[in-house]
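Could you walk me through this model, one question at a time?

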Amino acid sequence: MTHKVEIISTSANRSLWDEVLIRVAEASRHRLWALPCWVLGDSRHRRAAEVALMRALGISALPTKSICTPASLAGEVLHHHQQNLVVTAAAASLILAELLAEDCPEVYRASSDKPGFTQAFWESLGDAESRGFFPDEILKSATGPAPPEAFLCLQDRLHKRLEASDRCTPGQFLLRALKQLDDADFDFKISSPLFIGPLLSCDPLNREFLNRLVQRAEQVLLAPAQGVSPRAILSDTPSGSSDSPAYPFHAPAAEYYFLRPSTPDAELDAAFAMIACWVAEGRCRYGGIRLAHPHAQEALPHILSVARRFQVPVRASFGRDLRGFPGVISLRKLLVFFESGWQRRDFLDVLRSHLLEALSEDPSMMIIEKSRLIEAVLKSPDPRTHPPWAGWLEKARDHNAPRVSQCLTKLADLDDIGSGKQTGAAFASWMRKLAKIIQRSHKNIEAAVFTEQDLAEEQSAWEALDAVFDDLTHQFSRPMSRGRLLAEFDRALSLCHFLSPDPRHDAVEIVPAHRDDFLPIPVHVYLGLDSKVPSPDRHNPFLAVQSAVSYDEKLGRFRQVCVNAQKILVLSCPRFNEKGDELALSPFLNDLMLGPNGDRMRIAGAELLFQAEGWSPEVVRPKSLRENTAVLRSPPKHRAVTRNSLDLLTQKSARWSPTSLNHSLQCQYLHFAHDVLALKPRADSLIEAVTNLILGNIAHQVLEGYIAAACQGKVFDLSGQIRAKFERETARFDPHLEIDRAGAELRRCLEVTAPQLIHLAEGFAPHNHSLEVIFGKKKDNGFEALAFDFGSLQVRLEGKIDRLDRAADNRTLVVEYKYRKADGESQNDFFDEIISGDQPQLPLYWLVARDVMDLRPVALMQIYLRSEVTRILKLPEAPVFPGEDDKNTEVRAVDIAGIEQMLANARNKLRDKALALASGDLTAKPRDFTRCGPGACDYADLCRFREA
């Protein structure tokens, strides 16, 4: 280790980036070819360092070889350019798909063919290697648990396949350089001063590499971020270096603004209106503004449209997803058209696009013919002919569309590769022909629509797409079906991004919200600061570990981004999200507002800049999804055929709970998988740490204790009990923002609603001072199950009622608490489904109270705790409930005949589901399509309803 390691620190009036920049310039002594070696964390900071250093030295050229990243410096050690040796993500996806087709590990077999599998595995592989785990060795500084055996096996197979073509993963590339530096006979020295940083963090692989570099340097200057221990980057640092995780907050910005617009749309309007005003007043330039957004990649089209409306030039400083590129969308549309055999719906998509114009010698005259033909196609069925394009050619001739007919003939000639087996080279050559057609169609409109920047982005995207074609050519030498090649092409696209050079300097920079950043900027605008920013960690589906970044580290990174603002810092949190739900301030923002002494900072100017009342949210209540969704065809019926299976189903169909009934109403296969077989979800699926089930259980326990204490005149520490139960239930999870957000919302919700729930109606009180009334389960204070005789099947319903409020004459209110929001259904939908039996839970509770407990129910009440909405279905004799005139209370009165019909409908629903299941009918036919499919249902990979 070198004998001199100096730690670069910063004063309160200078940023760490500026401090390092000054020290690098001083070390060069203003000599162009005497620059020290400067190692930065990523290529973006490297490019910024080149520009900043040229300005500091007053020169127009710079030997940028001296400014590097660990990866580029590893290339110097290995005498290889990184791009020539490291495999691209798209090529890695194709290789992984081929390896999985050859021999897929058993643990991944259920999900290996799902969209996003190879992408998640590739990201997990990069995570594992950066933490120091390789198939043949584990670094001494490796952190976290080792990957599973199946993961290491697939990783080893990928490495061997890459080595056969003299390629490697990014982690392997750095590991090779690290081993080279371990060789004492290897001649590599750094004679100039070695600057490292600024750095916020350093994973074990990069840390090992930097430590080897330091051993070959004479002088080292390290710049850790505020609160980052130097020993977290270099193992041997001067004594007295602080390991404290404290993050002292100081911001050089002269002005602070904290905005609370009504909605995210209003937030974007406010931000760009503010930017346009500041530039018009001469307070700043567009190029001196950075706008951070938590969903910058996904929301970029929306951001660009708002920026155009306010005539603000913007440039994105991150790679774009190649799948969202218009050229790829058009290419995929054409490929689907050919693969489907020229089906009617795909033919209409092609007619509505600009593809046919690219094949026409006179495209200006085609719009009338296309409109006439589209109208004719919409009125007629799909003509089934052989070959498939013959029917469409005949229809074009019949409706006087000669130009369209000529283009369709050329399109038929392009569909010449056939559906048989092809090699990757033949398939890529065919797709390049189609890509040329699409490029020609874009040129027909680019003069009127595309800007110079749009053209630069298009060029970069076509180059990235051409690289994917090359990967297909090299990877698939053996013939395979066109459908399989199309699937592999889609798989490669999912991991491919493109980044276009942006020549504009005077434009607002759009960046993701939570990346490491040291680059100073005059004006920093940070949008979308709701309770989930920065984003929470999720479990890695392959490595079964969470991110090692702690809450304090995330807070430090967030503060680092904020202190980069030199003149103006704008923080914004909308009051409501797109659904109209209120957003809570994040713990990060609350911590940020605390000064060095713990006093709350006063962020002024927000009230003077934009009043929240000026941005009113637009409330849209969509119709029920079932009303807008047409079932094109019924799925096949799946029945159990063996006697043992039917016996099991009959046995399971004799005992029901409201939850299992809800599952069966949604989908009989969901009930079969969850309640009969008791299957657990896939082990490699992404899961949230704190679920609504956990939060709902905490809310029920706290409310039960609170109301019981209130009925007995006792004091109850509501906030303390919420905190204690929440901490006990979440102690097994690592700290992260989602837990903080969920706990804060739970406390706010219950502290507001609990006092209002003590007396729901005059003269009524909770039964036995308890919120939970058990029936059908073995418990001392429980009641019998609700029994039904359906002839060949006797059914018992068991469960618990959240609350029963009783009057002296046995009149009873049946109360159900829901720890969720009342969105997605209108009050009319709710009441109609209760009466029709589509939501039988509350009607069955009515039967329990009447037939099992000998009470006289007069009302059903469902309370949504997070929305403070109450819905009441009642008889005319029921009391007038407090707040019936409020907008948050929805009431419907029905007579006794309507109640009896409601109870009969609920009983019939239970009978139909129980008898269907007992007879072996396991049809996967979802009632609510939003709860069906991958990502929504845990058993979507088993039933495959959408594929059927």
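Q: Is C168 buried or exposed in this predicted model?
A: This is a predicted model, so take the value as computed from it. Anything under 20% relative accessible area counts as buried. C168 comes in at 0%, so C168 is buried.

Q: And C667, is that one buried or exposed?
A: Go by the cut-off again: under 20% is buried. The relative accessible area of C667 is 8%, and that makes C667 buried.

Q: How many disulfides does a search of the whole structure find?
A: For a pair to count, the two cysteine sulfur atoms have to sit within 2.5 Å. Searching the whole structure with that in mind, the number of disulfides is zero.

Q: Where does Q666 lie, and which residues does Q666 touch?
A: Q666 belongs to helix α26, which covers residues 658-666. Its relative accessible area is 2%, so Q666 is buried. Leaving out residues up to four places away in sequence, the ones touching Q666 are K925, P926, R927, D928, R931 and C932.

Q: P658 lies in α26 too; what does P658 touch?
A: P658 is part of helix α26, and with 14% relative accessible area it falls under the 20% limit, so P658 is buried. Its C-alpha is 9.8 Å from that of Q839, 181 residues apart in sequence. Setting aside residues up to four places away, P658 touches L797, E798, G799, Q841 and Y845.

Q: Which strand holds W38, and what is W38 in contact with?
A: W38 sits in strand β2, residues 37-39. Its relative accessibility is 0%, so W38 counts as buried.

Q: How do the axes of α15 and α17 run relative to each other?
A: Helix α15 spans residues 366-379 and helix α17 spans 402-414, with axes that come within 8 Å. They cross at roughly 85 degrees. Angles of 65 to 115 degrees go in one class, so α15 and α17 are roughly perpendicular.

Q: Which residues make that contact, and how do they divide by type?
A: From α15 you get M366, E369, K370 and L373, and from α17 P402, R403, V404 and C407. Sorted by type, the residues of this contact are five nonpolar, no polar and three charged.

Q: What is the phi of N400, and is N400 buried or exposed?
A: N400 is in the loop between α16 (389-398) and α17. Phi is near 55 degrees, a positive value in a residue that isn't glycine. The relative accessible area of N400 is 53%, and over 50% counts as exposed, so N400 is exposed.

Q: What about N810: where does N810 sit and what is its phi?
A: The loop between β22 (803-806) and β23 (811-818) is the place of N810. At 31% relative accessibility, N810 counts as partly exposed. Although N810 is not a glycine, its phi is positive, at about 75 degrees.

Q: H474 is in helix α19; is H474 buried or exposed?
A: Helix α19 covers residues 452-475. The C-alpha atoms of H474 and G424, 50 residues apart along the chain, are separated by 7.1 Å. With a relative accessible area of 66%, H474 is exposed.

Q: Zooming out, how many helices and strands are there, and what share of the residues counts as buried?
A: The protein chain has 34 helices and 26 strands. Of its 948 residues, the share that counts as buried is 51%.

Q: How much of the accessible surface belongs to carbon and sulfur atoms?
A: The accessible surface of the protein chain is about 45000 Å². The part belonging to carbon and sulfur atoms is 50%.

Technical notes
Residues numbered from 1 in each chain as written. Predicted model: local features only at pLDDT ≥ 70, side-chain atom pairs only at ≥ 80, totals over all residues. Heavy atoms only, no water. Axes fitted to C-alpha atoms, helices over the stretch in contact; angles between N-to-C directions. Helix = DSSP H or I, 4+ residues; strand = E, 2+ residues; numbered from the N terminus. Parallel < 35°, antiparallel > 145°, perpendicular 65-115°, else oblique. Contact = heavy atoms within 4.5 Å. Nonpolar A, V, L, I, M, F, W, Y, C, P; charged D, E, K, R; others polar. Buried < 20%, exposed > 50% of the residue type's maximum accessible area, 1.4 Å probe, protein only. Areas by Shrake-Rupley, 256 points an atom, 1.4 Å probe, with all protein chains shown as cover.
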